[in-house]
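Subject: Handover of a structure and its findings

Dear colleague,

Please find the structure below, together with an account of what was found in it. I would be grateful if you would read the account with the structure open beside you.

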Amino acid sequence: MISSTSLISALHLVPLRHRYDGCCQSSIPNSFLSVSMPWFYPKDEFASLPAIVPRGPIAIFGLGAGTAAHLMLDLWPSLELHGWEIDQILVDKAREYFELSDLEKRTPTGGILHVCVGDALSPSVNVSGGYAGIVVDLFSDGKVLPQLQEVSTWLELHGKLMPNGRFMVNCGAANDGLSDTTSPESWSIDRSWVQNSTIRALCQAFPREVGGYLDAYMNQVIAEHCDDQRAIASALDSSTAEGKGEDDVKWILLNWKKMPKEEGENYVALTGPLPDLATWSAVLPDRLSMTVNQWRPCLPL
């Protein structure tokens with residue numbers, strides 16, 4: 001029997017056209033309706049990612065019952081999605097109750113969801129030419145997977161993206177339960193992201209822009225230091241001071257936003273330069289368009 005925790009993302013599953021029309025019909029079994037968790041709201045945000053990545057396949061790491069996939073294909077019906085989910089029972093139930101199998105059929109414009117059962121963080125997960133974007137929504141027992149709070153994980157995942165590809169990440173709540181040595185006095189409206197360990201790891205993995213040497217340098221760092229998180233962070237932090245030139249050093253290549261209290265207060269991260277918000281907003285439906293301006297770059301501490 002599938003657990004209520006595994007089915008949480010299914011509770012948020014309503015196609016975009018219905019969600020934004022203000023109506024909702026669902027065949028969710030009554031036994032599941034009492035489950036309530038805060039971390040599914042960023043799935044709406046995931047539907048905005050295709051507008052700011054190159055043409056190409058998009059992966060969803062943590063498919064769940066298919067919430068994000070439904071939203072994306074409803075708004076962008078020509079997308080090729082690869083959805084990774086570790087729980088076969090959840091996939092089976094999503095096909096039975098939440099029309100996941102409908103997404104596995106090509107749309108008139110060629111869009112489709114390829115459902116893949118397995119570990120999304122496995123080195124074997126890849127596609128020729130790389131993904132245009134990767135949505136990362138990986139939780140266990142209501143908490144972000146600890147691997148996502150490690151710099152080496154993001155260095156490895158970076159190789160799965162095509163040039164100019166992006167990650168959009170559900171980073172969980174502000175207080176993720178891990179030790180935080182950052183002084184609260186250093187927090188501000190623009191730096192409250194320091195409360196989240198996943199964003200801090202992302203900032204170390206995607207540091208200041210680095211001309212053409214970043215990919216080679218990241219490969220060198222991870223090869224030399226492997227699982228030594230402190231050594232990796234130290235190497236990346238010192239890289240901009242060692243002969244790179246002032247013109248090669250830019251802001252941290254990471255952006256963030258915080259969901260409102262009524263939507264769980266989760267942090268969401270977006271890699272790459274901050275997009276032109278007006279252009280991005282213009283191609284989205286009202287509900288998403290109104291929240292695009294909340295994105296801001298992670299400023300160096």
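Is Glu 99 buried, partly exposed or exposed? Glu 99 has a relative accessible area of 46%, so it is partly exposed; buried means under 20% relative accessible area, exposed over 50%, and partly exposed in between (1.4 Å probe, protein chains only).

Before the remaining findings, two notes on the source are needed. The model is predicted, so local features need pLDDT of at least 70 and side-chain atom pairs count only at pLDDT 80 or more, while totals for chains, interfaces and linings use all residues. Residues are numbered from 1 along each chain as its sequence is written, and side-chain values use heavy atoms, with hydrogens and water left out.

Backbone angles

Most residues other than glycine have a negative phi. Glu 99 is not a glycine, yet its phi is positive, at about 60°. This residue is found in the loop between helix 4 (88–97) and helix 5 (100–103); helices (H or I, at least four residues) and strands (E, at least two) are DSSP runs, numbered from the N terminus. Asn 164, also not a glycine, has a positive phi of about 70°. Asn 164 belongs to strand 7 and is exposed, its relative accessible area being 68%.

Helix 6 (residues 151–158) is largely enclosed by the rest of the structure, because seven of its eight residues are buried. The buried residues are Val 151, Ser 152, Thr 153, Trp 154, Leu 155, Leu 157 and His 158.

Trp 154 also belongs to an aromatic cluster, which it forms with Phe 167 and Phe 206. How many aromatic pairs does a search of the whole structure find? The search finds five, where rings of Phe, Tyr and Trp (its six-membered ring) pair if their centres lie within 6.5 Å; planes under 30 degrees apart count as stacked, over 60 as edge-to-face and the rest as tilted. The ring centres of Phe 167 and Phe 206 are 5.9 Å apart and the ring planes stand at 65°, so this pair is edge-to-face. The two residues come from distant parts of the chain, 39 residues apart: Phe 167 is in strand 7 (residues 161–172), and Phe 206 is in the loop between helix 7 (197–205) and strand 8 (208–210). Phe 167 counts as buried at 0% relative accessibility, and Phe 206 counts as buried at 6%.

Salt bridges

Side chains of opposite charge can pair when their charged atoms come close. Six salt bridges are found in a search of the whole structure, each being a side-chain nitrogen of Lys or Arg within 4 Å of a carboxyl oxygen of Asp or Glu.

One of them joins Lys 257 to Glu 45, at 3.1 Å from N to O. Lys 257 lies in strand 10 (residues 254–258) and Glu 45 in helix 2 (residues 42–46), so the pair ties together parts that are 212 residues apart in sequence. Lys 257 is buried, with a relative accessible area of 0%, and Glu 45 is buried at 2%.

Another salt bridge links Asp 92 and Arg 95, whose closest N and O atoms are 4.0 Å apart. Both residues lie in helix 4, three residues apart, about one turn of the helix. Asp 92 counts as partly exposed at 38% relative accessibility, and Arg 95 is partly exposed at 31%.

Strand 10 runs antiparallel to strand 11 (residues 267–271), and five bridges join the two; two strands pair if DSSP finds at least two bridges between them. Lys 258 has Tyr 267 of strand 11 as its bridge partner. Strand 10 also pairs with strand 12 (residues 296–297), in the antiparallel sense and over two bridges. Here the bridge partner of Asn 255 is Pro 297.

Finally, the charged end of Arg 296 sits over the ring of Trp 256, 5.0 Å from its centre; this requires NZ of Lys or CZ of Arg within 6 Å of the ring centre and within 35 degrees of the ring normal.

Yours sincerely
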